[in-house]
Structure formats: structure tokens, C-alpha cells
Protein chains: 2
Amino acid sequence: MINQLTANIKKTGAPIVVGLDPMLDYVPGHIQKKAFGEYGETLEGAAEAIWQFNREIVDQTYDLIPAVKPQIAMYEQFGIPGLMAFKKTVDYCREKGLVVIGDVKRGDIGSTSAAYAVGHLGHVKVGSRSFAPFDEDFATVNPYLGSDGVNPFLKVCKEEKTGIFVLVKTSNPSSGEFQDRLVDGRPLYELVGEKVAAWGESLMGEEYSYVGAVVGATYPEMGKVLRKIMPKAYILVPGYGAQGGKGKDLVHFFNEDGLGAIVNSSRGIIAAYRQEKYARYGEEAFGEAARAAVEDMAADIREALNNTL
Amino acid sequence: MINQLTANIKKTGAPIVVGLDPMLDYVPGHIQKKAFGEYGETLEGAAEAIWQFNREIVDQTYDLIPAVKPQIAMYEQFGIPGLMAFKKTVDYCREKGLVVIGDVKRGDIGSTSAAYAVGHLGHVKVGSRSFAPFDEDFATVNPYLGSDGVNPFLKVCKEEKTGIFVLVKTSNPSSGEFQDRLVDGRPLYELVGEKVAAWGESLMGEEYSYVGAVVGATYPEMGKVLRKIMPKAYILVPGYGAQGGKGKDLVHFFNEDGLGAIVNSSRGIIAAYRQEKYARYGEEAFGEAARAAVEDMAADIREALNNTL
């Protein structure tokens with residue numbers, strides 16, 4: 001799947017990923033009305049609304065982008081119906097040829113991580129049969145439990161040619177509280193970055209590893225250092241747009257081949273119609289507003305890369 | 001819910017929690033056969049098997065124990081049907097008067113943690129109505145993202161009187177890889193422990209805080225230090241039994257009042273029928289074997305506490 005991701009990025013010329021993190025609040029009134037009309041103001045109604053919203057966003061953008069990143073929390077908050085909408089979204093995006101990065105931030109001790117790994121990135125056995133329950137291409141993984149929490153993911157990724165992005169330096173303001181603490185004079189996130197590089201060595205695709213890293217756009221200087229520590233890891237970069245990151249902040253997350261990073265925007269794309277810049281589209285045409293926002297984001301990053309590389 | 005947990009522990013005299021982490025492999029043949037007969041070798045069949053297994057374990061032990069801890073990964077690996085079995089298990093245990101600790105190890109940045117918090121420990125709004133999608137009493141939380149990943153949980157816990165157990169020092173062999181690294185001469189887990197104490201100050205129940213910590217039974221010396229750092233935090237202690245922890249290792253996790261810790265056993269209880277010690281029960285009576293294992297575990301811990309406190 002890392003080869004597929006790289007191929008999709010080359011094809012689209014856009015190292016970007018659309019974060020499918022639909023707060024119910026982002027879903028335009030006409031979609032909510034229809035969904036609630038059909039299912040009532042229920043968890044099922046909420047799930048239907050976000051699924052219909054996603055479908056329109058995907059229909060309007062899939063030809064411009066290599067990948068999507070559904071954030072499972074935004075579905076899990078609506079319980080079982082919400083998770084069914086997550087699954088429908090994953091399936092629909094894969095049908096459209098998109099690489100799907102499940103932003104699940106799972107991670108546990110050995111046998112438990114193995115369960116998450118088969119559930120999200122592989123196949124689970126039931127008697128003589130096997131099933132791919134969530135069937136994502138990549139998942140995000142929390143490293144706090146150490147190697148024996150990550151190894152079961154590596155095992156499944158090797159078998160299935162799926163991949164992970166390990167949280168190294170997250171985009172939020174208080175990420176430094178633990179991640180930046182100095183260990184032997186170096187921040188903890190660098191040690192995690194070294195582990196990512198080591199975990200990835202035995203899981204190489206053609207150019208990049210199946211083991212990537214999450215590093216927030218909001219910390220460009222740290223991105224520069226981490227890029228060198230993990231030369232073969234794809235970096236998934238959240239925090240562009242709404243969280244404050246800009247194209248020019250992102251150049252050091254990329255390698256000289258112009259690859260090696262994929263930048264996420266969620267609210268900035270899927271709720272673009274609420275920004276002044278895209279207000280002309282109106283609420284009904286939220287999908288077209290998302291498409292325009294994708295084009296602008298891709299251009300912003302392309303320009304920044306052209307000026308640097 | 002922390003008051004309920006404390007009350008349940010006093011009532012049963014057993015500071016233990018049964019980990020409902022059913023690997024399909026643990027489920028006796030007659031239950032699998034019935035479930036697969038009804039639903040086929042499908043995700044639905046697997047989910048039915050673990051639900052029927054759980055129900056028998058709960059029926060046989062609920063009067064002896066204060067709480068259960070379903071590990072969501074073991075359900076999530078079976079996709080949507082698995083998560084429906086998780087939800088059924090949570091509901092059934094609550095009906096039986098048990099405190100339910102959802103071992104979900106979630107954690108993300110602000111708005112995303114908020115979604116997990118309402119989904120697991122609170123209510124989510126849909127139009128003019130609100131729902132409690134998973135409705136656990138407590139959830140485990142990963143601290144790697146720092147305070148702004150934890151604060152949304154605190155907000156929901158305050159409103160709902162639910163609680164969290166933050167991962168401080170996990171029971172697995174490689175937990176030290178990051179958690180033990182020295183920061184200003186002190187291991188990282190101590191800094192996390194200090195944060196747990198600080199987060200918990202504004203969320204006090206009668207005797208203990210709604211903010212607890214996870215510290216593995218496999219690291220008793222660290223438990224002793226952490227007990228002092230977080231005097232008002234309940235410590236959830238995994239790693240007893242199958243992972244190697246014993247009653248006498250656990251005394252320092254408790255306060256002098258004999259409270260402040262709750263010890264988890266999963267495989268050691270739910271798959272007791274497979275141990276030589278309980279083989280006399282046979283596979284069909286796996287629930288009675290679990291009951292005997294609970295009684296033995298409670299006696300082991302009680303004896304260790306009586307010898308010390």
C-alpha cells in the first residue's frame with residue numbers, strides 16, 4: 001500500500017490527504033434534514049447524515065487526491081451506527097481508488113495490539129474462514145507502550161502489505177508536555193523517530209517503508225530534524241490550515257525527491273463552504289467548495305515545493 | 001462512579017476486576033458450535049460466541065466482584081458485530097450492578113478526544129436529543145498527546161460523574177522503552193503520574209479522584225513510588241496471574257486504608273478452566289471454574305494485604 005500511496009501522489013501531483021472528520025455541525029442543513037426525516041434524531045440519523053456528507057465530499061474530490069483519512073472518533077461518538085458509517089466510508093473510498101488511512105490511534109500490549117491490527121489492517125479468523133472487518137490501508141498507532149505494542153502491527157502489515165503511521169510529534173499545543181521532554185539531552189520524539197526508522201527497515205516498499213510517522217505541521221523545525229532521522233518513512237502531517245500550518249512551513253517534511261510527506265487537512269476542506277473565501281458556493285454546493293479548497297491547497301504546497309527543491 | 005467503585009469494593013471485600021477479553025480461542029467448543037450453527041462461521045457468529053461466553057462468566061461471578069474491564073480490541077477485531085457484543089456486554093454488566101471499565105486506551109487532540117469522551121463516557125447530541133452510545137463508567141486513556149488530549153475527558157467526567165484511568169506504567173515487557181526514559185533524572189512515568197494527580201485534583205469523589213492510573217503488577221517497585229505521587233488516584237493494576245504478578249507484589253499499590261487499587265485478571269479468570277488447577281470443572285463448567293479462580297484471587301490479595309497493612 002505504500003507503493004500505491006506513492007503512485008497516487010505522483011499521479012495527482014498532490015501530496016495531500018483529506019481528513020474525513022465530519023462533526024455533525026459541519027453537515028449542511030439540507031442533508032441533516034433528509035437524514036433525520038428518514039431515521040429521526042437518532043444515532044442512525046446522525047450516521048446517515050455524515051455518510052451522505054462524506055459521499056459528496058469524496059465524489060467531488062477523489063480525482064484530485066491520493067488518499068483520505070477518516071478520523072474514527074468522529075464516527076465512534078455515534079456508537080454502532082456511527083461505526084457502520086465509518087466502514088461504509090472506508091469501502092466507498094477504496095472503490096474510488098483512494099488510499100485509506102484510518103486515524104484510529106490504537107495501541108496496546110501484545111495480544112491486544114494484534115487484535116487491533118487484524119481488525120483494522122488485516123484478516124481475523126472465525127473457524128475455517130477469515131474476514132477483513134474494517135479493511136483500511138493504513139492506521140495510525142500510538143507508541144507509548146513500546147515495541148511489543150507495535151510489533152503485532154508490523155507482523156500484520158508484512159502479511160497484508162498494509163501500513164502504519166506512528167505518532168511521533170503531534171500537532172496539538174500541549175504535545176510537548178511529554179513528547180518534547182529531554183532524554184539524554186534529546187527530545188523524546190526523536191527517540192520515537194529512531195524507533196520508527198528501525199521498525200520500518202524490515203518493511204520496505206519500493207522507495208519508502210510501510211512504517212510512517214505522524215509529525216504536526218505546526219512544528220516545522222522538528223519536522224526538519226525528524227525528516228533526517230527517518231529518511232525512508234512517509235510523514236503524515238496534520239495541522240495544515242485550520243490548525244495554523246502553511247505550505248511554506250511544510251517543505252522540510254519532504255525529501256529532495258519531492259516525496260516522503262503527505263499533508264492532511266480536515267476542516268479546511270470538508271467545511272470549506274463556511275469560510276469567507278468559499279462562501280460564494282453556498283451551503284448546498286459544499287462539495288464544490290471542498291473541491292476548490294483541495295485545488296488551492298495542492299497549489300499552495302506545489303508552489304512552496306517548487307520554490308525550495 | 002468512583003464512589004460506586006469504592007462502595008462495590010468495600011461490599012465485596014475484593015479489590016479485583018475481571019477482564020472480559022475473550023479471545024475466540026478461549027470460548028468452549030459447545031458455545032462456538034451453537035453460535036456458528038445459528039450465524040455461520042461469520043463475524044456475527046464470533047460475536048455471538050463471545051457474548052454468550054461473557055454472559056456466563058458474569059452470571060457466575062458478579063456477586064463476588066466490584067467491576068469488569070472489557071478490552072474493546074477483542075471485540076473490535078470482529079468489526080461491527082464484535083462492537084455490538086461489546087455494547088451488549090457493557091449493558092449487561094451494568095444491569096448486574098457492576099462498574100464497567102472500558103479498556104479502550106483512546107486519546108487524541110482536543111476535539112477528537114472530546115468525541116471519544118462523549119461516545120464512551122457521556123452523551124452525544126443529535127439535533128434536540130442526546131444519547132449515551134457506549135455508556136461505560138470508566139475508560140482507559142493514553143496520555144502521549146498531553147493535557148489537551150486529556151482535558152476533554154475531564155470535562156465529560158465532571159458532567160457525567162464518570163472517570164478515566166490514564167496509562168502511566170503499562171505491564172508489558174517493553175513498556176520501559178519510552179515510559180522509563182529519564183527526564184531530569186526521573187523516569188517519564190513519574191511525570192505522567194504527577195499529571196494524573198494534578199488532573200485529578202478538581203475531580204474528587206468522596207475519598208478518591210475520578211482520575212485514576214494504570215500501573216502494571218509486573219512493576220511493583222514503580223507501583224510503590226507512584227502510589228505516593230498519586231495518593232488520591234485509584235490504580236488499575238493489570239498483569240496479575242497470566243502476566244506474572246502475584247498478591248504479595250501488589251501490596252504497595254494500595255493505600256493504608258486498604259483501598260486505592262483494583263487488580264485486573266483476564267485470562268487467569270475467564271480461561272481458568274484451561275488451567276490444571278481448575279481442570280476438574282471441565283470445559284462445560286467454565287463459568288464455575290472462573291468463579292473458583294475469582295475466589296482464589298480475592299483470597300490471595302486479601303492475605304497479602306492482611307500480612308502488610
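Author: Residues are numbered from 1 along each chain as its sequence is written, and chains are lettered from A in the order in which they are written. In this predicted model, local features need pLDDT of at least 70 and side-chain atom pairs count only at pLDDT 80 or more, while totals for chains, interfaces and linings use all residues.

Reader: What makes chain A as compact as a globular protein of its length?

Author: Chain A holds twelve helices and twelve strands, where helices (H or I, at least four residues) and strands (E, at least two) are DSSP runs numbered from the N terminus. The globule rule, 2.2 Å times the number of residues to the power 0.38, gives 19 Å for 309 residues, and the radius of gyration of chain A is 19 Å, so chain A is as compact as a globular protein of that length. That radius is taken over C-alpha atoms, which fill a box of roughly 60 × 55 × 35 Å along the principal axes.

Reader: Why is strand β3 of chain A described as largely enclosed?

Author: A residue is buried if 20 or more other C-beta atoms lie within 10 Å of its own, exposed if 12 or fewer, and partly exposed in between, with C-beta atoms placed from the backbone. Eight of the eight residues of β3(A), residues 99–106, are buried, so the strand is largely enclosed by the rest of the structure. The burial covers both faces: A:Val99, A:Ile101, A:Asp103 and A:Lys105 lie on one side, and A:Val100, A:Gly102, A:Val104 and A:Arg106 on the other. Across chain A, 61% of the 309 residues count as buried.

Reader: How do you know that β3(A) pairs with strands β2 and β6 of chain A?

Author: Two strands pair if DSSP finds at least two bridges between them. Two bridges join β2 (residues 67–70) to β3(A), in parallel, and A:Ala67 stands opposite A:Val99. Three bridges join β3(A) to β6 (residues 138–141), also running parallel, with A:Val141 as the bridge partner of A:Arg106.

Reader: Which strands form the closed barrel of chain B, and how are neighbours turned?

Author: The eight strands run β1-β2-β3-β6-β7-β10-β11-β12, with parallel pairing. Neighbouring strands are turned by 30° against each other on average, direction ignored; axes are lines fitted to C-alpha atoms, for helices over the stretch in contact, and angles run from 0 to 180 degrees between N-to-C directions. Within this chain, two bridges join β2(B) to β3(B), and B:Ala67 has B:Val99 as its bridge partner.
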